[in-house]
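Me: I have a model open and would like to go through it with you. Could we start with how the strands are arranged?

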Amino acid sequence: MALTEVKVPQLSESVAEATMLTWKKKAGDLVTADEILIEIETDKVVLEVPAPSSGVLSEILVGDGATVVAEQLIARIDTDGKVGAAAAAPASSNSTCACCSGTWLQYLLQHLIAWQAWQCQRLQKCWLTMVWQQEP
């Protein structure tokens, strides 16, 4: 597991500390390089902290609202990205579905067929009701 450190960027000379605003990601989320992870507010400016590399945000060390200083370690990214790689991969027809142990295509077709059967039953009942009411 290769870890990349996420640190508070260099602040201006007259600024000693900053406040962490709200994290855009949570631990376990997949991040891409240069994606904004959090905004840090000083008395003069709001800075965006981008991800230094792609991977999985494995650990958040400093929470929202905390006071930080320049170059302070605030998070770690697992650059191997094995924790959330499956979640980020687009669903293909060959990937399996957890609920029915089939492929996503099979899952979608099963639900489409079930919905179509329900619609046909509903329409047939309505049609039979209309025909029955018209007969003497």
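Reply: In this predicted model, four strands make up an open sheet, ordered S5-S4-S2-S7, and their pairing is antiparallel.

Me: Which strands are at the edges?
Reply: The edge strands are S5, covering 46–50, and S7, covering 67–68, and each of them pairs on one side only.

Me: How many bridges hold S2 and S7 together, and in what sense do they pair?
Reply: Strand S2, which spans residues 18–23, pairs with S7 in the antiparallel sense over two bridges. Within that pairing, Thr19 has Thr67 in S7 as its bridge partner.

Me: Switching to the core, which residues have the most contacts inside the largest one?
Reply: The largest nonpolar core has 19 residues, and those with the most contacts inside it are Met20, Ile40, Val68 and Ile74. At least two residues of this core come from each of S2, S4 (36–41) and S8.

Me: And what is Met20 in contact with, leaving aside neighbours within four places in sequence?
Reply: With those neighbours set aside, Met20 is in contact with Ile38, Glu39, Ile40, Val62, Gly63, Asp64, Gly65, Ala66, Val68 and Ile74.

Me: Now Asp78: where is it found, and is it buried or exposed?
Reply: Asp78 is found in strand S8, which runs over residues 73–78. Asp78 counts as buried because its relative accessible area is 3%, and the cut-off for buried is under 20%.

Me: What does the side chain of Asp78 reach?
Reply: The Asp78 side chain reaches the backbone nitrogen of Asp80, at 3.0 Å.

Methods. Residues numbered from 1 in each chain as written. Predicted model: local features only at pLDDT ≥ 70, side-chain atom pairs only at ≥ 80, totals over all residues. Heavy atoms only, no water. Buried < 20%, exposed > 50% of the residue type's maximum accessible area, 1.4 Å probe, protein only. Polar contact = N/O pair within 3.5 Å; in protein donor to acceptor, adjacent residues only side chain to side chain. Pairing = 2+ DSSP bridges. Core = buried A, V, L, I, M, F, W, Y, C linked by side-chain atoms within 4.5 Å. Contact = heavy atoms within 4.5 Å.
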